[in-house]
Amino acid sequence: MSAIWLALIGFIVFFLGYRFYSKFIAEKIYRLDPNYTTPAHKYKDGVDYVPTNRFVLWGHHFTSVAGAAPIVGPAIAVYWGWLPAFLWVVLGTVFAAGVHDSGTLFLSVRNKGQSVGTLAHKLVGQRAKILFLFIILLLVLMVNAVFAWVIANLFINNPGSVLPVFIQIPLAIWIGYHVYKRSGSMLLPSIAALIVMYGTAVLTSYITPLQINVVEYLGGEGTTSLFGASATEMAFLIWIIILMVYVYIASTLPVWKLLQPRDYINSHQLILGLLILYLGLFVTTPEITAPVTNSAANDTPWFPILFITVACGAISGFHGLVSSGTTSKQLNNEKDVRFVGYLGSVGEGLLALIAIIAVVTFFPTQGDFLGFYSDFDSAGGGLNVFVDGAAVLASGIGIPESVAATIVAVIIVSFAATTLDSSVRLMRYIIAELGLEYNLKSITSKHAATTLAVVSSTILVLLPGDDRGLGSGGYLLWPLFGTSNQLLAGISLLLLAIYLGRKGRNMLPALIPMVFLMFMTLYAMFLQVFTQWAPWAGSSDWLLFILGAIVFVFAIWISLTAISVLINYKKDENLEDVS
Amino acid sequence: MVDKKFSFKRMIELYDEMLSVPHRTEIARELRDEDDLFLLLVYSDMLGIPNPAFYYTLELYPYIVEKFHDWHLRMGMEKSPLDGIRCC
């Protein structure tokens, strides 16, 4: 079957979802009011609260939420065949992510542009806020560990991408200063930066000495390096330490100096990448070689693990943080909630869709596919298949495959690096806030909190491992990352359901995805913690067992809170701002 | 033809705006922080911190007094700290 069908069916379902389901949600459930004074107008200050054109706001929202995660998850999940991953991405986006993203935006707009954390406090109570803080802490910890691994992995497998990625740093700093000092436009300098980066990528693809291949420097694959570790393991260690030092420096700088100019360049990369891949898909019309469902995938059941493997791309709690953090303060008209929130999640769905297509069309035969995806542990390497598969798609519009592979790796590393920067920053704020809450003054300072964040993330990525040795922690942590992301989405959907319930509206559109997510999370964590990571299941991975158990307890806690709140809520049709 | 050119230009503008929303916010915040420090210096004598340039900063008073209310709110003072300025 041609992969174009997947794209077309995906487009049609997304279109129908936007045209009908989001209309139903907007008109009948949220009852969006074009005359409601949004926080952007009410508290207009030219800094945080700025009424913004809906196209502009959609673009900003989409580029803030899209990153490497909707690529990594689907690239692993095709292990069970293309159909389960495809269905979950498409239906999850339409019925869960769309409702979640537009719902958190709506909730925040109706509540002075406050964030989900503050709303949790107001709607449920102080305990919910602390629970929320701990889950975000867990999520960002996972993000740091997993994304450090993603970058190290890509640097090792695509050594040509190292130089272009590092060149981006001084270019971004220069753009940051250019805009700050001269209030110039970012458009031309950032396009120039992109040309320099991709120019370097072309050079590094052809000139081997320009490829920073740490494994080769250490004697090549298979050789034993220091302390009995293999060259690949040592390369992981070196890259992770370099990344953590980088992220320490980057996350303590003001955002306008490095993070935001990088983000700006990355937004070009995201849009350009999506265009090239979809264009390449329609030009090359590749055949799907992966099986519809993989009957040999017996070691890990797709139900429920699929639903925690693909978080971003189907539904992600992180989007609620963006919706309620910045987007809600800039919404010009409440009617725009549908356009910005719902279509923001559709954008992410499109990214996940092309990730699935790139992976399922890459292998020449089904046998090759099954050979690579022979067990769930090997599926962890799906990201490298995506890089190669995307390169094949890009070659359809005349880009040589080796250059395309380097550029795709550069794009993913750029996304992952900015995510790493923001999540370490976020972790620092949360540590400081928890420090204040529990009177631990020593961890509230910028450098103490950052040190704690960076050290704990480094430990997390280096400690767990299997027979592949150092650096395999990322494979193992991925489901935990998905789980904490789903838990966050679960809380946001719960808040939305409570709000709708108190207003006397139909809360099912929020409640059904919430119950679904909580069930899947609980079931998946139960399976993984008690049958795989527990000492009685023959595992010696204490760290994974403890982390999994913590996530499991959190999931139970949220479910119990949800039940008690949903039983006891009182209707109040005049509820405007939650007080 | 003119319309086409305009629409392309408008598209580029929209695209540029789309990507620069967060930077606009951050740069505005950074500049406001600088402004806040400047206001602190200007108001310092009134707040009890001796300022040798008070004679000159007083001249700026008409230009900055309108910003005073927002400034003291941002500085974490819910009520006006100065008897002379009763903004709230």
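What follows is a chat about a predicted model with a chain A and a chain B.

Trainee: What kind of model is this?
Mentor: A predicted model.

Trainee: Okay. How many helices and strands does chain A have?
Mentor: Chain A has 23 helices and 0 strands.

Trainee: And what size of box do its C-alpha atoms fill?
Mentor: Taken along the principal axes, the box for the C-alpha atoms of chain A is roughly 70 × 65 × 60 Å.

Trainee: Why would its radius of gyration be said to agree with a compact globule?
Mentor: Because a compact globule of 579 residues would have a radius of gyration near 25 Å, and chain A has 23 Å.

Trainee: What share of chain A is buried?
Mentor: Of its 579 residues, 55% count as buried. As for contacts with a separation of 6 or more, 82% of those in chain A are between residues 24 or more positions apart.

Trainee: Switch to chain B. Which elements does it have, from the N terminus on?
Mentor: The order in chain B is α-α-α-α. That is 4 helices and 0 strands.

Trainee: How many residues are in contact between the two chains?
Mentor: On the chain B side there are 16 residues, in contact with 21 residues of chain A. The chain B side divides into 7 nonpolar, 3 polar and 6 charged residues.

Trainee: Back to chain A. Which residues touch the most other members of the largest nonpolar core?
Mentor: They are A:Ala85, A:Ala148, A:Ile151, A:Ile356 and A:Leu495, in a core of 208 residues. Helix α7 of chain A, residues 126-157, gives the most to this core, with 21 residues.

Trainee: Take A:Ile356. What is it in contact with, leaving aside neighbours within four places in sequence?
Mentor: A:Ile356 is in contact with A:Pro74, A:Val78, A:Trp82, A:Ala85, A:Phe86 and A:Val89. One of these, A:Pro74, is a buried residue of α4(A).

Trainee: Where is A:Leu137, and is it buried, exposed or partly exposed?
Mentor: A:Leu137 is in helix α7 of chain A.

Trainee: What is A:Leu137 in contact with, beyond its neighbours within four places in sequence?
Mentor: A:Leu137 is in contact with A:Met427 and A:Ile430. A:Leu137 and A:Gly435 are 298 residues apart in sequence, and their C-alpha atoms are 13 Å apart in space.

Trainee: New topic, helix pairs. At what angle do α5 and α14 of chain A cross?
Mentor: Roughly 30°, and the axes of α5 (residues 82-109) and α14 (residues 318-325) come within 8 Å. The crossing of α5(A) and α14(A) is right-handed.

Trainee: Which residues make that contact?
Mentor: From α5(A) they are A:His100, A:Asp101, A:Thr104, A:Leu105, A:Leu107 and A:Ser108, and from α14(A) they are A:His319, A:Gly320, A:Ser323 and A:Ser324. They divide into 2 nonpolar, 7 polar and 1 charged.

Trainee: Now the backbone. What should I expect of phi and of peptide bonds?
Mentor: Most residues other than glycine have a negative phi, and most peptide bonds are trans.

Trainee: Which peptide bond is cis, then?
Mentor: The bond from A:Phe303 to A:Pro304 is cis, with omega near 15°. A:Pro304 is in helix α13 of chain A, residues 302-309.

Trainee: And what is the phi of A:Lys112?
Mentor: A:Lys112 has a positive phi of about 60° and is not a glycine. A:Lys112 is found in the loop between α5 and α6 of chain A. With 16 C-beta neighbours inside 10 Å, A:Lys112 counts as partly exposed.

Trainee: What about A:Thr285, where is that?
Mentor: A:Thr285 is in the loop between α12 and α13 of chain A. Its phi is positive too, near 35°. A:Thr285 counts as exposed because it has 12 C-beta neighbours inside 10 Å.

Conventions: Residues are numbered from 1 along each chain as its sequence is written. Chains are lettered from A and ligands numbered from 1 in the order in which they are written. This is a predicted model: local features need pLDDT of at least 70, side-chain atom pairs count only at pLDDT 80 or more; totals for chains, interfaces and linings use all residues. Axes are lines fitted to C-alpha atoms, for helices over the stretch in contact, and angles run from 0 to 180 degrees between N-to-C directions. Helices (H or I, at least four residues) and strands (E, at least two) are DSSP runs, numbered from the N terminus. A crossing is left-handed if the near helix is turned anticlockwise from the far one by less than a right angle, and right-handed if clockwise. Two residues are in contact if their C-beta atoms, placed from the backbone, lie within 7 Å. Ala, Val, Leu, Ile, Met, Phe, Trp, Tyr, Cys and Pro count as nonpolar, Asp, Glu, Lys and Arg as charged, and the others, Gly among them, as polar. The radius of gyration is taken over C-alpha atoms; the globule rule is 2.2 Å times the number of residues to the power 0.38. A residue is buried if 20 or more other C-beta atoms lie within 10 Å of its own, exposed if 12 or fewer, and partly exposed in between; C-beta atoms are placed from the backbone. A nonpolar core is a set of buried Ala, Val, Leu, Ile, Met, Phe, Trp, Tyr and Cys residues joined through C-beta atoms within 7 Å.
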